[in-house]
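Here is a briefing on one structure. Read it alongside the sequence and the coordinates.

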Amino acid sequence: MDMGLKLKNRKAAESKLSKFVEDIIVPPRMIDIIVDGEVNDEYMKTLETLSKKIKFIDADPMVKSSKALKDVQPEVERLRQKAVSKIFEFVIQKFYALRKPKTNIQILQQSVLLKYKYTIIFLKEHAKEIYAEVRAAYIDTMNKVLSAHFRAYIQALEKLQMDIATSTDLLGVETRSTGFLFSIGKESLKTRSSVFALGERINILKEIDQPALIPHIAEAKSQKYPYEVLFRSLQKLLIDTATSEYLFTDDFFGEESIFHDIFAGPIQVVDEHFNAVLLNCYDAIGIMLMIRIIHQHQLIMFRRRIPCLDSYLDKVNMSLWPRFKMVFDLHLNSLRNANIKTLWEDDVHPHYVTRRYAEFTASLVHLNVEHGDGQLDLNLERLRMAIEDLLVKLAKMFSKPKQQTIFLINNYDLTIAILKEAGTEGGKAQLHFEEVLKSNIAIYVEELLQEHFSDLIRFVKTRPADETATSSEKVSISEVEPLVKDFASRYKAAIELMHKDVITSFSNFLCGMEILRAALAQLLLYYTRLTECVKRINGGSALNKDLVSISSILFEIKKYSRTF
């Protein structure tokens, strides 16, 4: 029993002692690897063992008082210093590889640096000041490398930019004054139209997720792009680079704050370029497209759950809106302060300013469909009031009231047609123009009939419609007879003239036919009232042979409606 007890105690002591000995001794193999070995997987494992020994020595108060420690501690400290200096050189050398031109940074980070992630953990735990140096070296390297990348990319992009609008390309500027007639070549005409019309440019919003443009390929094809296309490429490159860098630094250093130090440089480069472009940008549609692009990019970053560019994207958005407002106000004021004399042309067909206004409004309405921006709606309302004032002023330059009405109808009709093309969301402006078009058509119909049948209209209008017998006695046959005979002899020719008048006056054939139909229907009404009046007159039956039957008039009306 005594021997059994001794054995048990010795076993217990041995297990404790052997654990202690194992934790505290520094095997020769370990010293060889740390001092002379290559930094590789085996080295990483040995580092982990060394780290455990350092922690063991520091943690246990019993160890601190042991004699064994006095032997081992200087050796462990020397090993720690050797490991730290070796790791430092190794990591810094890897960082410098990132600076070589044409290096694929992301592949180097993922396949090389992340393999040696433990070196960083070791430095963090056992050499804080060296870790700070490594961290600073990485920030400095990446800041410089990425800033240079973006600078080069921006320079390449600038060669691809197609200028769309200058400060004189405004809604209310007459074409002659901008040297428009002298700019030769179709290209300039094409870009002119995209100042106000969205056209193909909307496609950029469908290409949000496409890879960024590769400048030298585009340059080889000698392609040029409106700025929003380049803007999307640049921002796409920025959000992709930022995403990859953010994830890497978080993984490798275990710190998020490093990202902002690295990206201060690249973001400044992009900002300087963007602010310079924005200062000279007079392309309202382009700016609105950029606002939408930034919005899409914010959603992409939100879906990726990467918050690192939130404040940057907000800042870009905040600088785009005031610029949009400024350019929009230039357009608005160009309508308000337009020079009526130089804009006016002796032509009742739609004015080019109307076409510009309609295309511009349609474009902005189209871009606002999904976003329902109330501020933009208010601005468009102000623009609509300005164009209406301008059209009324231009109309007053025509001497005849009828010409004025035709001019307004043509312009309103064109505006409605263009707004309809932009989709069902022509919005408030379209409804409003439909109202004013209706009232102007009614005025025109009256003016047209007055030209041909003024006596008839005057007569009918001075008689109440539901005449009682007493009032009809006052109407004598002598009053009515010339009207009836005149109408019978002239009505076909007059309708023919009205038809010609309408066809030459209105640029939109369908609208013209609509108007002619309204005029003929109104004429039929007036004539019906005249015939009723004749029937009530004593002895009116004598005029029956001269009265044109309603069906004959309807036949004439149908003849012109057929061309419809």
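The points below cover helices, salt bridges and aromatic contacts.

This is a predicted model, in which local features need pLDDT of at least 70, side-chain atom pairs count only at pLDDT 80 or more, and totals for chains, interfaces and linings use all residues. Residues are numbered from 1 along each chain as its sequence is written, and side-chain values use heavy atoms, with hydrogens and water left out. The count comes to 27 salt bridges. The structure also holds 24 aromatic pairs.

**Helices**

- Helices are DSSP runs (H or I, at least four residues), numbered from the N terminus.
- Helix 18 spans residues 401–421 and has 21 residues. From first C-alpha to last it reaches 31 Å, close to the 30 Å expected at 1.5 Å a residue. That expected span is 1.5 Å times one less than the number of residues.
- Helix 18 is mostly covered, with 15 of its 21 residues buried. Buried means under 20% relative accessible area, exposed means over 50%, and partly exposed lies in between (1.4 Å probe, protein chains only).
- Helix 21 (residues 477–505) has a kink of about 55 degrees, centred on Arg490. The bend at a residue is the angle between axes fitted to the seven residues ending there and the seven starting there.
- Buried residues of helix 21 include Val480, Leu483, Val484, Phe487 and Tyr491. Also among them are Asp501, Val502 and Ser505.

**Salt bridges**

- Side chains of opposite charge can pair when their charged atoms come close. The rule here is a side-chain nitrogen of Lys or Arg within 4 Å of a carboxyl oxygen of Asp or Glu.
- Asp251 and Lys117 form a salt bridge, with the closest N and O atoms 2.7 Å apart. The pair links distant parts of the chain, 134 residues apart: Asp251 is in helix 11 (residues 227–252) and Lys117 in helix 7 (residues 117–126). Asp251 is partly exposed at 35% relative accessible area, and Lys117 is partly exposed at 28%.
- Arg384 meets Glu381 in a salt bridge at 2.7 Å, N to O. Both lie in helix 17 (residues 374–395), three residues apart, about one turn of the helix. Arg384 counts as buried at 8% relative accessibility, whereas Glu381 is partly exposed at 28%.
- Glu481 pairs with Lys485 in a salt bridge, the closest N and O atoms being 2.8 Å apart. They sit four residues apart in helix 21, so about one helical turn separates them. Glu481 is partly exposed at 27%, and Lys485 is partly exposed at 38%.
- Arg99, Asp140 and Lys144 are linked in a network of salt bridges.

**Aromatic contacts**

- Rings of Phe, Tyr and Trp (its six-membered ring) pair if their centres lie within 6.5 Å; planes under 30 degrees apart count as stacked, over 60 as edge-to-face and the rest as tilted.
- The structure's 24 aromatic pairs include Tyr357 with Phe433, where the centres are 6.0 Å apart and the planes at 65 degrees, so the pair is edge-to-face. Tyr357 lies in helix 16 (residues 352–368) and Phe433 in helix 19 (residues 427–462), so the contact ties together parts 76 residues apart in sequence. Tyr357 is buried at 0% relative accessibility, and Phe433 is buried at 0%.
- Phe487 and Tyr527 have ring centres 4.0 Å apart and planes at 20 degrees, so they are stacked. Phe487 lies in helix 21 and Tyr527 in helix 22 (residues 509–536), so this pair ties together parts 40 residues apart in sequence. Phe487 and Tyr527 are buried.
- Phe95, Tyr131, Tyr138, Phe248, Phe252 and Phe253 form one aromatic cluster.

Notes: Helices (H or I, at least four residues) and strands (E, at least two) are DSSP runs, numbered from the N terminus.
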